[in-house]
Amino acid sequence: QVQVVESGGGSVQPGGSLRLSCTVSGSSPNVAYMGWYAGRQRDMVAQWHRGTATHYSTSAQGRFVISKDNRKNTIYLQMNGLKPEDTAVYYCGVDVVRLGRPLTRYWGQGTQVTVSS
């Protein structure tokens, strides 16, 4: 019943910026963690931990910023100083808590980021 939808990808030149968005909806999900993951292997880029902490990959540190809008159940990834090696499909992953069950991760469909000259 949980839906995860990303948007904001596009094509930019090196040094450009993009802001990705991820909105969670469905049966009143109790979200423990949200994050951004890149490529087929879903490499961790940035994570939001219940608003108490944020974590970034080494390559994202200093260039990307993750934030959350609680009223909209949305997280954002502000991507600055983009490089060609950032090119990938970016997926939003949402970790949901349910009574008596382990954490369940739901994935969005992905949004394409392309950085080229």
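The torsion about the S-S bond of C22 and C92 is about -80°, so the disulfide formed by these two residues is left-handed. The model is a predicted one, in which local features require pLDDT of at least 70 and side-chain atom pairs count only at pLDDT 80 or more, whereas totals for chains, interfaces and linings use all residues. Residues are numbered from 1 along each chain as its sequence is written, and side-chain values use heavy atoms, with hydrogens and water left out. A search of the whole structure returns one disulfide, a term applied to a pair of cysteine sulfur atoms within 2.5 Å; in the bond that joins C22 to C92, the S to S distance is 2.0 Å. C22 belongs to strand 3 (residues 18-25) and C92 to strand 9, so the pair ties together parts that are 70 residues apart in sequence. Strands (E, at least two residues) are taken as DSSP runs and numbered from the N terminus. Both C22 and C92 are buried, where buried means under 20% relative accessible area, exposed means over 50% and partly exposed lies in between, with a 1.4 Å probe and protein chains only.

Strand 3, which carries C22, takes part in an open sheet of four strands in the order 1-3-8-7, with antiparallel pairing. Strand 1 (3-7) and strand 7 (64-69) stand at the edges with a single partner strand each, so one side of each is left without a neighbour in the sheet. From one strand to the next, the twist averages 15°, the axes being lines fitted to C-alpha atoms and the angles running from 0 to 180 degrees between N-to-C directions. Two strands are regarded as paired if DSSP finds at least two bridges between them. Strand 1 and strand 3 run antiparallel and are joined by five bridges, and S7 has S21 in strand 3 as its bridge partner. Six bridges, again in the antiparallel sense, connect strand 3 with strand 8, where C22 stands opposite I75. Strand 8 (residues 74-79) is in turn joined to strand 7 by six bridges, the two running antiparallel, and V65 is placed opposite Q78 of strand 8.

The other cysteine, C92, lies in strand 9, which is mostly covered, eight of its ten residues being buried. Strand 9 pairs with strand 4 in the antiparallel sense over eight bridges, and the bridge partner of G35 in strand 9 is G93. Antiparallel pairing also links strand 9 to strand 11 (residues 111-115) over three bridges, with V113 of strand 11 as the bridge partner of A88. With strand 10 (residues 104-107), strand 9 pairs in the antiparallel sense over four bridges, and G93 stands opposite W107 in strand 10. The hairpin of strand 9 and strand 10 has six residues between the strands, and in this hairpin G100 takes a positive phi near 70°.

Strand 4 (residues 30-38) is joined to strand 5 by six bridges, and these two strands run antiparallel. In strand 5, Q47 is the bridge partner of G35. Four residues separate the strands in the hairpin of strand 4 and strand 5, where G39 takes a positive phi near 75°. Strand 5 also pairs with strand 6 (residues 53-56), in the antiparallel sense over four bridges, and A46 stands opposite Y56 in strand 6. Five of the seven residues of strand 5 are buried, so this strand is largely enclosed by the rest of the structure.

The largest pocket holds about 180 Å³ of space. On a 1 Å grid over the protein atoms alone, a pocket is an open set of points with protein on both sides within 12 Å along at least five of seven lines, in contrast to a cavity, where a 1.4 Å probe fits but cannot get out; lining residues have an atom within 4 Å of a point. Grid points are joined across faces, edges and corners, and the volume is the space filled by probe spheres set on the points. The lining of the largest pocket comprises 14 residues, of which A38, S59, E85, D86 and Y90 lie nearest the centre. Strand 5 (43-49) and strand 9 (88-97) each supply at least two residues of this lining, and strand 5 gives the most, with three residues. By residue class, the lining divides into six nonpolar, three polar and five charged residues, with Ala, Val, Leu, Ile, Met, Phe, Trp, Tyr, Cys and Pro counted as nonpolar, Asp, Glu, Lys and Arg as charged, and the others, Gly among them, as polar.
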